[in-house]
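Have a look at the model first, then read on.

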Amino acid sequence: MSQRVNGVISRAKGAPVEVTTIIVPDPGPGEAVVKIQACGVCHTDLHYREGGINDDYPFLLGHEAAGVVESVGAGVTEVAPGDFVVLNWRAVCGECRACKKGKPWYCFATHNATQKMTLEDGTELSPALGIGAFIEKTLVAAGQCTKVDPQARPAAVGLLGCGVMAGIGAAINTGGVTRGDSVAVIGCGGVGDGAVAGAALAGATTIIAIDTDDRKLEWARGFGATHTINARGADVVSAVQELTGGFGADVVIEAVGRPETYKQAFYARDLAGTVVLVGVPTPEMTIELPLADVFGRGGALKSSWYGDCLPTRDFPMLTELYRQGRLDLDKFVTEEIRLDQVEEAFAKMHSGDVLRSVVIF
């Protein structure tokens, strides 16, 4: 048996998205069907629509989602029907060299559902990040479902599925921010503000938010930024140094993904400090740095994949902090929208009018 449900697809590069009927098969071995309750509109979905990921159209968009497991296939033990879950796009295999080294957050063989969701004419869909959650029900690998407290608000905790987790993890997991640290975050969208929130959770005492939009800088203050810098009217490196005793920040998190902002991050850190790249660059981007500076400044230059998160470890913990009022995930939700308003949400995202639009089902 299969089900016919409504979902949002992108048929061609740059074309407006559309709501259409999608066929969702019953779960096979190792798979689960999840009834989606909420799904955030992430910049990665826009990248898919614009052809910035690949050209495997049509795409079933959406991936920052929470919902309830409706059914599972043979051999599934991680979740059961009725479980409230946050979806993740890195279901670890447990068998690759990273997993066997005890570092499953680096898993090199993450997996997705084997079966394909399709259009009514049989055209196979490519689900965004292996999920595809702008849809009433979606088919995923059971390992992509992480159980969390069912009392949590779906619109809020669903954002842990991508951007917010990437930011929090960039600070805590990758950057190793700890009590008393100074932290600078370049780019204050959803990921950057997640990094600000993560730095605050970890006990950083100086948290510098950097952006070119005063509205975003004000949002960052709400997540724990102690200082802000508008990069349009300031030399970022000098300004960060001025706020850190002339030295630079212990950890600088680059959440934009551009060569010019990465260079700012590189020079805005203290000697032996850490740079974390969590902003996603496009394939043609390159960077040139004096090798003597790379050596002489010491420290570490790191990339953060999905905030180096382990969903089974991080999602329940962060959901509990949210439930305790110590992590304000609600503040990331700018607006709640319908499934047929995704295209409008992309426009608002592009203009910087929202932190996150969230589709509610």
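## Ground rules

Two strands pair here if DSSP finds at least two bridges between them. Strands (E, at least two residues) and helices (H or I, at least four) are DSSP runs, numbered from the N terminus.

Bear in mind that this is a predicted model: local features need pLDDT of at least 70, side-chain atom pairs count only at pLDDT 80 or more, and totals for chains, interfaces and linings use all residues. Residues are numbered from 1 along each chain as its sequence is written, and side-chain values use heavy atoms, with hydrogens and water left out.

## The sheet

Five strands make up an open, mixed sheet, in the order S7-S2-S1-S4-S8. At the edges sit S7 (118-119) and S8 (126-127), each pairing on one side only.

S1 (residues 2-10) and S2 (residues 18-25) run antiparallel, joined by eight bridges. Among the partners, Val 8 is bridged to Val 19 of S2, and Ser 2 to Pro 25 of S2. S2 also runs antiparallel to S7, with two bridges between them; in one of these, Ile 23 partners Thr 118 of S7.

## The helix pair

Now for H4 (residues 163-174) and H10 (residues 311-323): their axes come within 12 Å and cross at roughly 105 degrees. That makes H4 roughly perpendicular to H10 (65 to 115 degrees; under 35 is roughly parallel, over 145 roughly antiparallel, the rest oblique). Axes are lines fitted to C-alpha atoms, for helices over the stretch in contact, and angles run from 0 to 180 degrees between N-to-C directions.

Met 165, Ile 168 and Asn 173 of H4 meet Arg 313, Asp 314, Phe 315 and Leu 318 of H10, where contact means heavy atoms within 4.5 Å.
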